[in-house]
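Visitor: Could you take me through one part of this model in detail? I would like a close look at the charged side chains that pair up, and at what surrounds them.

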Amino acid sequence: AFALFKILQPFIGAILWGLLLAFLLFPVNQRLSRALGGRRGAAAIVLTLAVILLLVAPAALLTVTFARQATELIGHLHKVAAQYQVLQPSDLLRIPILDQAMRLVETFVPVTADQIQSWMIEAAKALLQMLVSVSRSFFVGALGVFIAAALTLFFLFFFLRDGEAIAEKLLLLVPLDRERKAHLVEHLAAVTRAVVLGALLTAIVQGTLVGIAFALVRLPSPVVFGVLASILSLVPLVGSLLVWVPAALVLAVQGHYLAALFLAAWGGILVTSADNVIRPLVISGRVQISTLAVLLGLMGGVAAFGPIGLVLGPVLIALV
């Protein structure tokens, strides 16, 4: 078992992603297989090609657009820094909008501008350290993502073709009676669908809505902030508010009151309500997962398993 684990360890991420996709596509795979006269191989090929067309191609296009807009955003920040001679974090208050925001905060919160400035400096240092560490592994990471995606599609085909037979053989190794096994499988399926369809689908919808809102009010890099909103929406309680609320405040400080009001209304009505509409709609009749399980699962799951931890963490905690 240890030797087998060492062999499979480099491919664990791709195997888990392929397994997750195959599990979610299992009902479609069954119907397609019956429509093709029971030819599981043909059905697996068709579904794998469909995943490439419907998921991989749009994801690649989104990645290219994200990289282009992120580059434009960095260039814009460099221009602002040069215009106001921002050479270090303590010079940020030379930017009028930040100085106005600081004065506004001082009127409502019992903190001084010096305290806020020191916090900003510490936050900027932490952000720079994180960017340096990320930039070092960017090219290796990009190559790794491409290889992982190819391996995921490779494993997906075999899981679609042989997954049902593999699952039946693995269940024989579980030391429980048939009724307990059936309950375990049913609970695993319900929790997985609740996490994937509930959390991830809600994140995609909220990120899309935030990106559309940024484009409508002509804020820079709507795709970049839409992706950030998708990621942050996975965090319970605050979520995508961390993106659109500061943007609305920035518009208000700049004097664009109609745009700020529109963005606040869009975020408060559409973006926020998406979680209350989509999650119950896709999880109705399935297991409910507590906010604590989702929060611990997301944070600990990503730290322990990487991106697949977004799904694996909440599922493991809910199962336990």
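Guide: Happy to. From the N terminus on, the elements of the protein chain run α-α-α-α-α-α-α-α-α-α-α-α-α, which comes to 13 helices and zero strands. Please keep in mind that this is a predicted model. Of the 320 residues in the protein chain, 29% are buried.

Now to the charged pairs. Side chains of opposite charge can pair when their charged atoms come close. Here the count comes to two salt bridges. One of them joins R40 and E164, whose closest N and O atoms are 3.0 Å apart. This pair links distant parts of the chain, since R40 sits in helix α4 and E164 in helix α7 (residues 138–171), 124 residues apart. R40 has a relative accessible area of 36%, so it counts as partly exposed. E164 is partly exposed because its relative accessible area is 27%.

The other salt bridge brings together the side chains of R161 and D162, at 3.0 Å from N to O. R161 is partly exposed, with a relative accessible area of 32%, and D162 is partly exposed at 27%.

Let us return to helix α4, which spans residues 40–83 and also holds V56. V56 belongs to a nonpolar patch on the surface, together with I45, L49, I52, L53, L54 and L55. The accessible area of this patch is about 660 Å² in total. V56 itself has 33% relative accessibility and therefore counts as partly exposed.

Conventions: Residues are numbered from 1 along each chain as its sequence is written. This is a predicted model: local features need pLDDT of at least 70, side-chain atom pairs count only at pLDDT 80 or more; totals for chains, interfaces and linings use all residues. Side-chain values use heavy atoms; hydrogens and water are left out. Patches are made of residues with over 30% relative accessible area and no salt bridge: like charges are joined within 9 Å, nonpolar side chains (Val, Leu, Ile, Met, Phe, Trp, Tyr) within 5 Å. Accessible areas come from the Shrake-Rupley method with a 1.4 Å probe; for residues, only the protein chains shown count as cover. A salt bridge is a side-chain nitrogen of Lys or Arg within 4 Å of a carboxyl oxygen of Asp or Glu. Helices (H or I, at least four residues) and strands (E, at least two) are DSSP runs, numbered from the N terminus. Buried means under 20% relative accessible area, exposed over 50%, partly exposed in between (1.4 Å probe, protein chains only).
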